[in-house]
Structure formats: C-alpha cells, structure tokens
Amino acid sequence: YLHHSHHVSFERLSRVAHELFGLVISQGAIANIFRRLGHGMAAATTAVRDKLLVARIIASDETTTRTNGVTHWQWVFISDKAVLHKIAPRRARSVAEEVLGDHKPDVWVSDRYAGQQELGKEHQVCLAHVLRDVQYAIDSGDTIFAPKICDHLRWAIRVSKRRCNLKDTTLASYAAKADNKLTQLMRAPVAHPAGKVLLKQIKAWRTKFFVFLTNRDVPATNNISEREIRPSVVFRKVTNGFRSEWGAQIHAGYRSVTGTARLSGQSALGAIRDLVDGNFAVA
C-alpha cells in the first residue's frame, strides 16, 4: 500500500519499518514479500478481467512506463464494475485484443489512437481530446470554423451532464440536433489552413462524436481512464519505473485490485488486506 499508492521506495520502507515500528527488514526481504504475492495477485487480476469481459461499455487509455530501463506501455481498461491494468512491451492494438479475447463491447471509449480503434461495436471518441485540436486551430489563427466547432462540442458536453433529467424523446432530439448542426458546420467553406486540417480530422471521425447522446451510460470524454492511470504516471516519475518484469506485473495487479475495489466503495488498503488474507473478491 505504501509503495504502490504512496510511492514510498523500498529503501524508505525499510527505514520507516525500523524507525517507526522497530521492525528490522531489508529491501531484499520486502522484494521477496512482493514476489510471494505474485500468485494471489495473478488470480485476483484474472477475476477482474472476467468481470470486465461482461461489460457493455469499456473505456481505455495507455501511457508509457519503464521496465529494466526499456520503454513499456501501461494500458487501463475500465467498465462500471472492473478496472484492469496491463503493462506490455508494446502499444499495439494486439494488447487490447489479447485482453478482450472474443468479447466485443457495445461501445468503446478512448482517444483517437489507431490501436484503440474498432474494438467495440460503436466507438465514442474523447471530446476533450478533440477540443484540444480545436483549440490548436484557434490558436493557429482560424477565427471562423474552429470556434464554431468548439461551441458546438461544448454544448453537446453540457447536454451530457443533464442526461439523467432528460426524457428519451428529448435526448433523441438533442442527438439529432447535434448531428445535423455538425453536418451544417462541415459544409460551410473553410479558408484557413488550420481549419482545413481540423475539418479533415472531423470527417475522419464523423460517426464517433455523439454516441453518448444515444446511450445514457456512455461518457462524452475519456477522463475516467485518464484519472485512473494518473497515479501510475506519478509512480513512474517518482520511481523512474520498474527494475524487473515481475515488479511491473505486481504494480499492474495492485492497480487492478485497488481500482476495482474502489468502484464498490472499498479503500485501497482494505482491498490489499483482503488480498493478503486470501479474501479478495470482485463485487
């Protein structure tokens, strides 16, 4: 818990144990304790994956990490009941395909990275990422097309925050309005070079902007994945990565177990206590 949630190094863990609790324990002994948790962590991770693979909606993201000084990729896959982290030596689409197996969710939520495409029956792209590209076009000097796209996407996101209070017919009306308005904006002539680049990008992702207006459970952005993966980014910056493959897998398992437990209201410390005691179960 102290190492993976609070980024305390083995050397400092040894000092804390000695100075606070009078427990003399070496860094090697701590590493061996972690190793012995490997089988239990692997079993818990398998249970998390099984829970993930019944989900209709899955969100995903990936970020870099380092193992033995070599760049690896940490993937995260999130449903409403499970959080699965996986550290792999590559960023390829095959990593996600290996996790999913034969399962194809109704909706996949992600950024526009090629390795995240066509993994669900429908795909909701992260509008927060799209808005960054829109802002870049505005900063580059497009004062006509990009600002209108920005206003339209922000309006759609505001609608998504009110979905729980909207009738089905009202939401369907908003979905049609969002789609028709985007079509109108795309048909208008675009003169600025940055606007033309943005228009090309929008055409490429045309059908993936407003899935969240046809399905109440789909988020408009992929912020849930970014929030889930952020602690591991902090861990990487503090520790500079992992010295071994097994250490990387322990971290991925830890983040899977604690992330999944959090969805059911359990603390990270409570989840790890259950894991050590052999009582961890996916709700």
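Which helix gives the largest share of the lining of the largest pocket? Helix 12 does, with 6 residues. Let's walk through the chain and come back to that pocket on the way.

## The model and its overall make-up

This is a predicted model, in which local features need pLDDT of at least 70 and side-chain atom pairs count only at pLDDT 80 or more, while totals for chains, interfaces and linings use all residues. Residues are numbered from 1 along each chain as its sequence is written, and side-chain values use heavy atoms, with hydrogens and water left out.

The chain holds 12 helices and 5 strands; these are DSSP runs numbered from the N terminus, with helices being H or I of at least four residues and strands E of at least two. Along the principal axes, the C-alpha atoms fill a box of roughly 70 × 40 × 35 Å. Of the 283 residues, 48% are buried. Here buried means under 20% relative accessible area, exposed means over 50%, and partly exposed is in between, using a 1.4 Å probe and protein chains only. Among the contacts with a separation of 6 or more, 60% join residues 24 or more positions apart; a contact means heavy atoms within 4.5 Å.

## The largest pocket

Back to the pocket from the opening. A pocket is an open set of points on a 1 Å grid over the protein atoms alone, with protein on both sides within 12 Å along at least five of seven lines, and its lining residues have an atom within 4 Å of a point. The largest pocket has a volume of about 690 Å³, where a volume is the space filled by probe spheres set on the points, and grid points are joined across faces, edges and corners. It is lined by 24 residues, and those closest to its centre are Tyr-1, Leu-2, Leu-13, Ile-33 and Phe-34.

The elements that give two or more residues to this lining are helix 1 (2-6), helix 2 (10-21), helix 3 (27-36), helix 11 (245-263) and helix 12 (268-277). By class, the lining has 19 nonpolar, 3 polar and 2 charged residues. In this count Ala, Val, Leu, Ile, Met, Phe, Trp, Tyr, Cys and Pro are nonpolar, Asp, Glu, Lys and Arg are charged, and the others, Gly among them, are polar.

A cavity is a set of grid points where a 1.4 Å probe fits but cannot get out. The model has 2 cavities of 30 Å³ or more. The largest cavity has a volume of about 40 Å³, and its lining includes Thr-63, Thr-64, Thr-65, Arg-236 and His-251. Strand 1 (57-67) and helix 10 (223-239) are the elements that give two or more residues to that lining, and helix 10 has the largest share, with 4 residues. The classes there are 3 nonpolar, 7 polar and 1 charged.

The second largest cavity holds about 30 Å³ of space. Arg-112, Val-130, Leu-198, Gln-201, Ile-202, Trp-205 and Phe-209 line this cavity, with the largest share, 3 residues, coming from helix 9 (residues 193-204). This lining has 5 nonpolar, 1 polar and 1 charged residues.

## A look at helix 2

Helix 2 has 12 residues and reaches 16 Å from its first C-alpha to its last, close to the 16 Å expected at 1.5 Å a residue; the expected span is 1.5 Å times one less than the number of residues. Its buried residues are Leu-13, Ser-14 and Ala-17. Seen down the helix axis, they fall within an arc of 105°, so they line one face of helix 2; the arc is that of the directions from the helix axis to the C-beta atoms.

The buried residues of helix 2 pack against helix 1 and helix 3. On the other side of helix 2, Arg-12, Glu-19 and Leu-20 are exposed. Gly-22 follows the helix, with a positive phi near 70°.

## Residues worth a click

Most residues other than glycine have a negative phi. His-7 has a positive phi near 60°. This residue is found in the loop between helix 1 and helix 2, and His-7 counts as buried at 17% relative accessibility. Glu-118 also has a positive phi, about 60°. Glu-118 sits in the loop between strand 4 (107-110) and strand 5 (122-125) and is partly exposed, with a relative accessible area of 48%.

His-152 lies in helix 7 (residues 145-160) and is buried, at 6% relative accessibility. Leaving aside neighbours within four places in sequence, His-152 is in contact with Lys-177, Ala-178, Lys-181, Leu-182, Leu-185 and Phe-210.
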